[in-house]
Amino acid sequence: MKRIVVGISGASGSVYGYMTLQALRAIGGIETHLVITPSARQTIALETDMDHEEFEALADVVYRDDDLAAAISSGSFLTDGMLVIPCSMKSAGAIAASFNNNLLVRAADVTLKERRTLVLVVRETPLHLGHLRILAQLAEVGAVILPPIPAMYANPQSIDDIVAHTVGKALDQLGIEHDLFRRWRSPQ
């Protein structure tokens with residue numbers, strides 16, 4: 001069984017995190033460990049008709065963001081990687097600086113130090129030079145930077161199609177098989 005950590009930060013796009021949790025549950029054979037920041041709880045309330053408990057109900061294990069003694073805060077707790085989806089620039093900057101002031105950042109830092117796959121679905125636009133430097137620093141230490149950019153070749157018909165494509169691309173980085181989007185094929 002794979003063990004995946006899912007972090008949801010306060011960036012706009014909490015639906016990406018929700019669809020990730022739905023997909024991982026539907027795929028099966030994956031134990032999910034979830035941490036939602038206080039800012040994410042606020043964003044969830046602002047952007048959706050859901051509350052954070054509906055997100056938490058999809059995870060196998062849920063942690064408080066202030067619980068720095070949680071299992072996912074230690075490298076000896078084995079995981080197959082982590083997604084921060086969506087990832088705010090605040091969280092990205094904290095991860096880049098190893099500023100482990102909350103569990104989401106600490107778990108991401110542990111993922112990097114243990115050379116496990118860390119996928120950051122960074123949700124910000126436009127990007128200024130400071131953002132780009134943070135993202136470059138994260139890439140240099142091994143993080144996968146995966147902004148939620150829609151692929152028009154998949155001919156999306158809805159917002160859910162666009163979100164599913166990004167979630168699928170993130171799961172690809174963790175080697176998790178799925179059927180969330182239509183993959184590119186050579187034109188006939």
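**Figure 1. Glutamate 54 sits in helix α3, residues 52–56.** Helices here are DSSP runs of H or I with at least four residues, strands are E runs of at least two, and both are numbered from the N terminus. This is a predicted model, where local features need pLDDT of at least 70, side-chain atom pairs count only at pLDDT 80 or more, and totals for chains, interfaces and linings use all residues. Residues are numbered from 1 along each chain as its sequence is written, and side-chain values use heavy atoms, with hydrogens and water left out. Glutamate 54 is partly exposed, at a relative accessible area of 34%; buried means under 20%, exposed means over 50%, and partly exposed is in between (1.4 Å probe, protein chains only). Setting aside residues up to four places away in sequence, glutamate 54 touches Tyr18 and Asp49, where contact means heavy atoms within 4.5 Å. Isoleucine 30 is 24 residues from glutamate 54 along the chain, and their C-alpha atoms are separated by 19 Å.

**Figure 2. Leucine 68 is in the loop between β3 (61–63) and β4.** With a relative accessible area of 41%, leucine 68 counts as partly exposed. Not counting residues up to four places away in sequence, leucine 68 touches Ser73, Asn100, Asn101, Asn102, Leu103 and Arg106.

**Figure 3. Helix α4 is largely enclosed by the rest of the structure, since 7 of its 8 residues are buried.** The buried ones are Met89, Ser91, Ala92, Gly93, Ala94, Ile95 and Ala96. Who does the covering? β4 (82–87), α5 (103–113), β5 (118–122) and α6 are included. Just past the end of α4, serine 98 has a positive phi of about 55 degrees.

**Figure 4. Helices α4 (residues 89–96) and α6 (residues 129–140) pack at about 50 degrees, with axes 9 Å apart.** Axes are lines fitted to C-alpha atoms, over the stretch in contact for helices, and angles between N-to-C directions run from 0 to 180 degrees. The pair is therefore oblique; under 35 degrees would count as roughly parallel, over 145 as roughly antiparallel and 65 to 115 as roughly perpendicular, with the rest oblique. α4 passes α6 in a left-handed crossing, so called when the near helix is turned anticlockwise from the far one by less than a right angle, with clockwise being right-handed. On the α4 side look for Met89, Ala92, Gly93, Ile95 and Ala96, which meet His131, Ile134, Leu135, Gln137 and Leu138 of α6. Sorted by class, this contact has 7 nonpolar, 3 polar and no charged residues. Nonpolar covers Ala, Val, Leu, Ile, Met, Phe, Trp, Tyr, Cys and Pro; charged covers Asp, Glu, Lys and Arg; the others, Gly among them, are polar.

**Figure 5. Helices α1 (residues 14–27) and α7 (residues 159–173) pack at about 65 degrees, with their axes 9 Å apart.** This crossing is right-handed. From α1 come Val15, Tyr16, Met19, Thr20, Ala23, Leu24 and Ile27, meeting Asp160, Val163, Ala164, Thr166, Val167 and Leu171 from α7. By class, the contact between α1 and α7 has 10 nonpolar, 2 polar and 1 charged residues.

**Figure 6. Histidine 178 lies in the segment after α7.** Histidine 178 is buried, at 16% relative accessible area. Its side chain reaches the backbone oxygen of glycine 168 at 2.9 Å and the backbone nitrogen of leucine 180 at 3.1 Å. Leaving aside neighbours within four places in sequence, histidine 178 is in contact with Ile27, Gly168, Leu171, Asp172 and Arg183.

Figure 7. Most residues other than glycine have a negative phi, and most peptide bonds are trans.

Methods
A polar contact is a pair of N or O atoms within 3.5 Å; within protein, one must be able to donate a hydrogen and the other to accept it, and residues adjacent in sequence count only if both atoms are side-chain atoms.
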